[in-house]
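Hi,

Here is the structure I said I'd pass on.

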Amino acid sequence: MNDQAALLRQKMMEKQSWVPAENDIQAKTMAIVSGKGGVGKTNISVNLAIGLSKLNKKVLLFDMDIGMGNIYHLINGTASASIADFFEKDVEISQLIQQGPEQMSYINGGSAFSRIFEWKESYQDKWIAALEKLSREYDYLLFDMGAGATKESLNILEAADEVLVVSTPEPTAMTDAYSMIKFIHMRDDQKVFHLVCNRAESRQEGEITLSRLKNAMETFLHSAPRILATLPEDECVRKAVKMGSPFLLSYPKAKAAASLQNVIHEYAGAEASAPVQKSHFITKLRRFFTERGDR
């Protein structure tokens, strides 16, 4: 077993020399996180993916809460197959991609598993190969991260080009969000962070929440995040969730939908006007898996 592990690591080390070609454009990768559950992270992930798709971007959203995923609930989809099938049943990842509203694509995390999903070292190579292929087929790969920090989720968080952090004005949510930010920053002090305050009772409450997080990051981490949006508390969001429909489509004129739509246009516009920067997502993933496999 040790010999097999050593051979695997050697194989991955050899792949370390892989560097994207000059014209090899890869997807922008974003990990979406929160410090605690119940802040609306997955709902924002789904609607962000749909909003980018409406701008004619090819978007693939991964539900990384393996075994407890719920993305399909928010788009009236099905959970017939999940990313666990890719690892455990050798199902091609292309067969797991489902079409959501506005041509956005997603891969389920699965739910109601009878046992806990366990990551095996043998999964690493096929996971990286699959992501490398997908990164050439899409404009954005979005990862809706599950709760907790496993070795594998850390690899995604550290390798992703950007991290979007969702919090609410609640003190516990803000504290947990900052803890998550600090945790990621300690492993990559160059990481690009975006901040979103969800379910704010007023614009002022949202601005205060984001300002506190931003000031804490600048003061203690010497990191300058980008404030993306304040999304207001909105009854239409709750109605959309009950309907199993994205609020961006069900209630496009609602306050939360309008706020998010403005942010998406601003974000996409900034991306379009910025100098093209190559993604190093795949290269980083290979390195992280190899380094941690040697420990």
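This is a predicted model: local features need pLDDT of at least 70, side-chain atom pairs count only at pLDDT 80 or more; totals for chains, interfaces and linings use all residues.

Residues are numbered from 1 along each chain as its sequence is written, and side-chain values use heavy atoms, with hydrogens and water left out.

**The chain as a whole**

The protein chain has 13 helices and eight strands; these are DSSP runs (helices H or I, at least four residues; strands E, at least two), numbered from the N terminus. Of its 295 residues, 53% are buried, meaning under 20% relative accessible area, with exposed being over 50% and partly exposed in between (1.4 Å probe, protein chains only). Among contacts (heavy atoms within 4.5 Å) with a separation of 6 or more, 78% join residues 24 or more positions apart. The accessible surface is about 14,400 Å², and carbon and sulfur atoms hold 51% of that; the areas come from the Shrake-Rupley method with a 1.4 Å probe, and for residues only the protein chains shown count as cover.

**The empty spaces**

Rolling a probe the size of a water molecule over the atoms shows where empty space is left. On a 1 Å grid over the protein atoms alone, a cavity is a set of points where a 1.4 Å probe fits but cannot get out, and a pocket is an open set with protein on both sides within 12 Å along at least five of seven lines; lining residues have an atom within 4 Å of a point. Points are joined across faces, edges and corners, and a volume is the space filled by probe spheres set on them.

The second largest pocket has a volume of about 720 Å³. It is lined by 37 residues, and the closest to its centre are Gly38, Val39, Gly40, Lys41 and Thr42. Helix α2 (41-54) supplies four residues, the most of any contributor. The lining has 15 nonpolar, 13 polar and nine charged residues (nonpolar: Ala, Val, Leu, Ile, Met, Phe, Trp, Tyr, Cys and Pro; charged: Asp, Glu, Lys and Arg; polar: the others, Gly among them). Domain 1 (36-68 + 76-160) and domain 2 (162-229) each give at least three residues to this lining, with bounds from an automatic or database domain assignment.

As for cavities, there is one of 30 Å³ or more. Met30, Ile44 and Leu48 are among them. Helix α12 (255-273) gives the largest share, three residues.

Gly110 sits in the loop between β4 (105-107) and α6 (123-135), and is buried at 4% relative accessible area. Its C-alpha atom is 6.0 Å from that of Met68, 42 residues away along the chain. Beyond neighbours within four places in sequence, Gly110 touches Asp65, Gly67, Met68, Gly69 and Ser82.

Most residues other than glycine have a negative phi. Glu102, though not a glycine, has a positive phi of about 60°, and so does Arg199. Glu102 is in the loop between β3 (98-99) and β4, whereas Arg199 lies in strand β7. Glu102 is partly exposed at 39%, and Arg199 is partly exposed at 35%.

Cheers
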